[in-house]
Amino acid sequence: MAITRGFTGRGRATRDPRLPPGQYDAKDDWPVLNAEATPRIGTDRWTFTIEGLVDRPRSWTWDEIHALPGSRYSGDIHCVTTWSKLGMTFDGVSVDTLLDAVGVQPEAKFVMATAHTGYTTNLPLADVTGGKAWVVWQADGRPLAVEHGGPARLLVPHLYFWKSAKWASGLRVMAEDEQGFWERNGYHDRGDPWLEQRYQGD
């Protein structure tokens with residue numbers, strides 16, 4: 001049977017399978033989108049605190065968190081505004097390492113990620129454990145730029161990037177879910193790019 005060119009898909013670009021639905025490859029660009037003014041936080045003042053339903057609440061200074069075993073994420077990131085960056089590398093410390101140090105209590109089910117600016121975003125505990133989340137201070141081998149959340153940000157790369165709070169200051173471990181900044185303003189509570197969970201109701 002003859003097949004005409006019209007049915008062969010000739011001329012169509014193959015979509016990168018790493019791109020979730022509705023996303024495009026930003027390539028060398030890394031768009032900057034902030035909900036608040038960009039702060040200048042010196043590493044001498046920077047801390048990261050875990051509190052709430054934990055056995056040993058504590059804070060780490062810049063030097064203390066760098067003394068912990070390091071961890072690397074290599075992969076992709078996806079923003080709700082439809083850009084993705086593929087094949088990035090981030091270095092920092094696994095959230096698992098931090099939570100192990102404080103001892104999460106059995107009734108804990110959620111966390112509220114906080115930033116030094118006051119920004120908040122909520123996540124199920126399952127989305128920041130099991131090798132799924134990091135506190136990072138390097139991107140592609142360079143110190144994390146302040147406009148991208150430096151000196152350190154949360155990284156939860158399997159969810160839309162508003163969940164990866166810039167200028168991270170800590171986690172509050174909770175039994176019940178609470179909405180963060182964008183979630184109170186109509187964004188989805190979880191934000192899975194592969195399910196296009198962009199807004200409430202998606």
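1. In this predicted model, a salt bridge links the side chains of Glu64 and Arg58, with an N to O distance of 3.7 Å. Glu64 is partly exposed at 38% relative accessibility, and Arg58 is likewise partly exposed, at 33%.

2. Glu183 and Lys163 also meet through their side chains in a salt bridge, at 2.7 Å from N to O. Glu183 belongs to helix H3 (residues 181-184), while Lys163 sits in the loop between strand E10 (153-155) and strand E11 (168-174), so this pair ties together parts 20 residues apart in sequence. Glu183 is buried, with 2% relative accessibility; Lys163 is buried as well, at 0%.

3. A further salt bridge joins Glu178 to Arg172, where the closest N and O atoms are 3.2 Å apart. Glu178 has a relative accessible area of 37% and is partly exposed; Arg172, at 29%, is also partly exposed. Elsewhere, shared partners connect Asp127, Arg190 and Asp192 into one salt-bridge network. The structure holds nine salt bridges.

4. The largest nonpolar core has 52 residues, of which Trp30, Phe48, Ile50, Ile65 and Phe90 touch the most other members. Strand E8 (residues 134-139) supplies the largest share of this core, five residues. Leaving aside residues up to four places away in sequence, the contacts of Phe90 include Trp30, Tyr73, Ile77, Val136, Ala139 and Leu155, and also Ser71, Arg72 and Gln138.

5. The largest pocket has a volume of about 380 Å³. It is lined by 21 residues, and Leu33, Asn34, Ala35, Trp162 and Trp182 are the closest to its centre. By class, the lining of the largest pocket comprises 14 nonpolar, four polar and three charged residues.

How values were computed. Residues are numbered from 1 along each chain as its sequence is written. This is a predicted model: local features need pLDDT of at least 70, side-chain atom pairs count only at pLDDT 80 or more; totals for chains, interfaces and linings use all residues. Side-chain values use heavy atoms; hydrogens and water are left out. On a 1 Å grid over the protein atoms alone, a cavity is a set of points where a 1.4 Å probe fits but cannot get out, and a pocket is an open set with protein on both sides within 12 Å along at least five of seven lines; lining residues have an atom within 4 Å of a point. Grid points are joined across faces, edges and corners, and a volume is the space filled by probe spheres set on the points. Ala, Val, Leu, Ile, Met, Phe, Trp, Tyr, Cys and Pro count as nonpolar, Asp, Glu, Lys and Arg as charged, and the others, Gly among them, as polar. A nonpolar core is a set of buried Ala, Val, Leu, Ile, Met, Phe, Trp, Tyr and Cys residues joined through side-chain atoms within 4.5 Å. Buried means under 20% relative accessible area, exposed over 50%, partly exposed in between (1.4 Å probe, protein chains only). Helices (H or I, at least four residues) and strands (E, at least two) are DSSP runs, numbered from the N terminus. Contact means heavy atoms within 4.5 Å. A salt bridge is a side-chain nitrogen of Lys or Arg within 4 Å of a carboxyl oxygen of Asp or Glu.
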